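Morning, everyone. Please bring up the model on your screens, and keep the sequence next to it.

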Amino acid sequence: MRVQSHFMLMLVIVLFSIAAIWRLSALPDFQFFGEIKHRVAIEEKFIALTFDDGPAPGKTEQILQILQDEAIPATFFLTGHEVEKNPALLRQIVAAGHQVGNHSYQHQRLVFKSPSFISNEIEKTDELLRQNGVDGVIYFRPPYGKKLVLLPWYLMKNHRVSVTWDVAPENYPNVAKDPHALADYTVKHTKAGSIILLHVMYDSRKVTMQAVPDIIRRLKAQGYRFVTVRELLQKELAAKS
């Protein structure tokens, strides 16, 4: 009986530990190794608007038009698989002056994957981005924000920065189903140095696409200025010097 009780206690401890580690793996402000940026520490009201996934026909052109109308830059974290299918759309993003980052090739959770799988997901996407006009530093955003040990270790060894977010309104179902609620949440939680995460590349994200112009205009009205992630990190370095 005592052995059984001990076994059950150990099982509970193991399960609790696994759950805690899994939770840690998804925190946007935590990574076991290397550099992670979920926002930057600045006092000036600069922020970065970022979009994940794609590029996708129709949706890419639509969001680019919105950004052009509002005269702001954004940062797109694209998947290699979609870039391979739609290279012209990537070139449109680059030509419009926006920053492009790496969001893996297949958009799988890069946990419990082999080092070679992780490397291939990132390097294959980098190659596709380079072939289609992306230059300079390419930041990486983990699919679903998931990162345990091997992915952060790979990124650290290759001097890669993980870019996550501190404002993600779509994470809340009651917010994500209504464009006004989504805009309200985003504006309320944005602060100097924020990195805002949005998705607009698929039909399932039409509410977000509808909310984007309102988000931009309301944040502008509050004095926020939009920059790319690269520019935001440069401003943090300048503020520290």
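Two strands count as paired if DSSP finds at least two bridges between them. Keep that in mind, and remember that this is a predicted model.

Let's start with strands 3 and 4. Four bridges join them, and the two strands run parallel.

How does the chain get from strand 2 to strand 3? It goes through helix 2, residues 59–70, and this β-α-β crossover is right-handed.

Next, are the faces of strand 3 covered or open? Both are covered. T75 and F77 are buried on one side, F76 and L78 on the other. Strand 4 has both faces covered too. Q99 and G101 sit on one side, V100 and N102 on the other, and all are buried.

On to helix 5, residues 115–131. It has 17 residues, and at 1.5 Å a residue they should span 24 Å. The end C-alpha atoms are 24 Å apart, so the span agrees.

Which residues of helix 5 are buried? They are I118, E121, I122, T125, D126, L128 and L129. Seen down the helix axis, these buried residues fall within an arc of 165°, so they line one face of helix 5. An α-helix has 3.6 residues a turn, so residues three or four places apart point the same way.

What lies over that buried set? The cover includes strand 3, strand 4, helix 3 (80–85), helix 4 (87–95) and helix 6 (150–157). On the other side of helix 5, P115, S116 and Q131 are exposed. Just after the helix, G133 takes a positive phi of about 100°.

Last stop: Y139. You will find Y139 in the loop between helix 5 and helix 6. Why does Y139 count as buried? Its relative accessibility is 8%, and buried means under 20%.

Y139 and V100 are 39 residues apart in sequence, yet 8.1 Å apart in space, C-alpha to C-alpha. Leaving out residues up to four places away in sequence, Y139 touches F77, Q99, G101 and N102, among others. Its contacts also include V161, V163, V229, R230 and L233.

Key:
Residues are numbered from 1 along each chain as its sequence is written. This is a predicted model: local features need pLDDT of at least 70, side-chain atom pairs count only at pLDDT 80 or more; totals for chains, interfaces and linings use all residues. Side-chain values use heavy atoms; hydrogens and water are left out. The expected span of a helix is 1.5 Å times one less than its number of residues. Buried means under 20% relative accessible area, exposed over 50%, partly exposed in between (1.4 Å probe, protein chains only). The arc is that of the directions from the helix axis to the C-beta atoms. Contact means heavy atoms within 4.5 Å. A crossover is right-handed if, with the strands pointing away from the viewer, the path from the first strand over the helix to the second runs clockwise.
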